[in-house]
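Look at the model first, then read on.

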Amino acid sequence: MSTDDQTQPRGAQRNRPEHVDALASTVISVLRGRQVVSFDGLRQFVLDHMMRAILGHGTFSADGLLAELRGYRLTVDSIIDQYVPHVARILGEQWVSDKISFADVTIGSMRLQSLLAVASSSTRSDVGPNAHFIHALVLVPQGEQHFLGASVVASQIRRMGCDVDMSYDEDMGTLTARLMHCVPDIILITCARRETLESVTNTVQTIRNAVSECPVLALGGAIGMKKEDVIKMTGVDIVTNVAEEAVALCAMRAKPQGSR
């Protein structure tokens, strides 16, 4: 008759050193931590890692950080569209709460911009049936200081197959000259603060006065007002934070290529 005691650990488990159990517990704890998600459904440990990377005092490598993020099985699209904007918001929140300095925010934003540029260069356009002929201008109006969001939008619509130009803090004369030279099919204006809405309104009026056939005017950003009120105040055609919605409206209105 067998005398094995099934209630006791078998084999190597009987004599397993305590440090092995401690290591196993650490590994399990780390793995569980990697499952924690933020309010927006993003992986918290990735956000924490990105914050350490962009605020660190050592040498920063955008290529290296991108490779690390890709190693976490993140798509380039999710890095550009979700993680970079979220980390930018965390930077702003920590500055407002005096957890980091303005210098930290500036350096962190520059590093995020560098990461965004490297990530965007590695993407390919997904050209749809109505996107290839669309020429877009992403415009940051005067008085607006948030440039990272505009770069994210530009990357998004480039991946849709659109041709994209950028306009940063141009005065009305420079903007008018730009439009007299080339009129885009759509202008996407970014606005992160209510205080900038007056500048947006002036920009919209300048655009409408400069061209006989006005492009689609879209406005996006963390404005915090009802869309109907913003449209009435500024004169834009659409208020949305979804680039696809703005491009879809443009595609419906656009004329066949070469007709302009």
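Helix α3 passes helix α5 in a right-handed crossing (right-handed means that the near helix is turned clockwise from the far one by less than a right angle; anticlockwise is left-handed). This is a predicted model, where local features need pLDDT of at least 70, side-chain atom pairs count only at pLDDT 80 or more, and totals for chains, interfaces and linings use all residues. Residues are numbered from 1 along each chain as its sequence is written, and side-chain values use heavy atoms, without hydrogens and water.

Helices (H or I, at least four residues) and strands (E, at least two) are DSSP runs, numbered from the N terminus. Axes are lines fitted to C-alpha atoms, for helices over the stretch in contact, and angles run from 0 to 180 degrees between N-to-C directions.

α3 (residues 62-71) and α5 (residues 102-121) pack at about 65 degrees, with axes 9 Å apart. So α3 is roughly perpendicular to α5 (65 to 115 degrees; under 35 is roughly parallel, over 145 roughly antiparallel, the rest oblique). Contact means heavy atoms within 4.5 Å. On the α3 side, the contact residues include Leu65, Leu66 and Leu69. Those of α5 include Leu115 and Val118.

Now the sheet. Five strands form an open, parallel sheet in the order β2-β1-β3-β4-β5. Strands pair if DSSP finds at least two bridges between them. The edge strands, β2 (163-168) and β5 (238-239), each pair on one side only.

| Helix | Lies across | Angle |
|---|---|---|
| α7 (residues 172-181) | β1, β2 and β3 | about 160 degrees to β2 |
| α8 (residues 197-210) | β1, β3 and β4 | about 170 degrees to β4 |
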